[in-house]
Amino acid sequence: MAATQANDPRTAVSISRVVSVNPKLVQPHRVLTLSNLDRQCPHLMHLVFFYNNLPHQRLKDLSLNSVFCSLKSGLEDTLALWYPAAGRLWPNPSDGKLNLWCNNHGAVLAEAETSAKISQLGNLSEYNEFFEKLVYKPAFDGNFSNMPLIVAQVTKFGCGGYSIGIGTSHSLFDGPATYDFLRAWASNSEIVKGRSRSDEVPTKPVHERGILLSGTLQAPRDTANFPSDSTSNAKEARAMAIEHLYHLIMQTATAQKGFPLQIGTPSNSKKCVLKTYHVSGAMAENLKRKHFPMKRGSFPFSTFEVLAAHLWKARSKALGVKKEKQVCLQFAVEIRNKMRPALPKCFSGNAYVLASIMMAMGELEDASHECIIEKIREAKNKVNQEYVRSYVEALEGPQQGSSLPPLKELTLVSDWTRMPFHNIDFFHGKATYACPLATPLPQVAYFMQSPTDNFGVDIRIGLEPENITAFSHCFLSMA
């Protein structure tokens, strides 16, 4: 049966109420200075959680009102500790940089209902335009200081199942912090009375950006592990991701005989189709054995490394990049444990930078997976405190939601496999699926833990329609 689409009149979603949710304990107004890592992307990132496989029959008899009130009460409790989420972004009048005004203006929670059944939506891992109706989207006039940092919508389906669509500002949280915030909210909500909450609540969050603020990053004393003095070490400490990106932009500008490259316009998302490719645990093992037939026992590399190498080769080939062009793979590296001293595990801000490798397309075509994996590891190992300092300094200047131009030579990967969002149990049970919606950079490939395959990975990537067939062929046949 074909999946229900957004323009199907039988699947209207009716919003019955929208409320502002404030912290249960009101905090004094203050400005929280953001780091340049926080300012990279102030847009909302949306996830839709589906719960249609509820463990107890009585859950299906819950009223929408009781679910809504439990979520509201739980969010009030959660915002008491995660109080910056109730604030607003605010540009510094002197330099235009965004900071966070903790003013208790509140998050936004909406209640909605639809006659559609979740089973009519088809494969929940595949993006469906109907999902956009399951997230509340306040009017946005381009002024980030008017935009709530947390928005949510609970929708009851005709089958008795629920969805919870949540948007969080990327200037507020990175992926691990978002995961901790949502776990705390789910635990505090107690939609199912009497559930145990003993070890579900994350540690108290730390909101101060501290060492990541521009001008406060210093070279660590342990120069044996974090070199910064010699010429060769200084070269390694440069933020190669920024340099490589600049090179690709200039390469594209030269080919187009000049600018503009549409930097700063996230509207490119409309040109992409979001596709999900399921890599089963067996497929991942077969891929490893295909490219490393001499290895015996456990492989000396991660599933992420082999899939990132495979994806880079497949995407670059599918998009028809010429052999003489430089191509680049960039991937997010968490830096909580890379800093000296290490950031708190419960640090709530953005704590990641991009690592990067670049080579000519002809070289990438000829390179073995082992060679590419070695380069991925080298790039990852270069991310130390000096690299972070260089990266943060390179992001100086006003950043009001700028975005990359569409570069087919650039492959971007973000690893979400350590953040199993489907395990967040708002209803005392795992979500059937947690589906991300389009992001400001839809061409980014997200690696997500599969809820149905313990060792499987779902890869969500945005592709232009004319490239889908070629990419599917390259990615699946090469595996």
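The quantity called pLDDT is the predictor's confidence in each residue, on a scale from 0 to 100. It applies here because the model is predicted. Colour the chain by this value: the average is 87, and 83% of the residues score at least 70.

**The whole chain**

Display the cartoon next. The chain has 11 helices and 15 strands. Of its 479 residues, 55% are buried. Among contacts with a separation of 6 or more, 80% join residues 24 or more positions apart.

Select residues 221-236, where pLDDT stays under 50. The model has 15 contacts beyond four places in sequence for this stretch. Then select residues 260-269, where pLDDT also stays under 50; for residues 260-269 the model has 22 contacts beyond four places in sequence.

Now select S171, in the loop between β8 (162-169) and α3 (175-189). Is S171 buried or exposed? S171 is buried, because its relative accessible area is 0%, and the cut-off for buried is under 20%.

Leaving aside residues up to four places away in sequence, S171 touches L34, D38, R39, C41, P42, L89, R209 and N350. Finally, draw a line between the C-alpha atoms of S171 and C41: these residues are 130 residues apart in sequence and 6.1 Å apart in space.

Notes:
Residues numbered from 1 in each chain as written. Predicted model: local features only at pLDDT ≥ 70, side-chain atom pairs only at ≥ 80, totals over all residues. Heavy atoms only, no water. Contact = heavy atoms within 4.5 Å. Helix = DSSP H or I, 4+ residues; strand = E, 2+ residues; numbered from the N terminus. Buried < 20%, exposed > 50% of the residue type's maximum accessible area, 1.4 Å probe, protein only.
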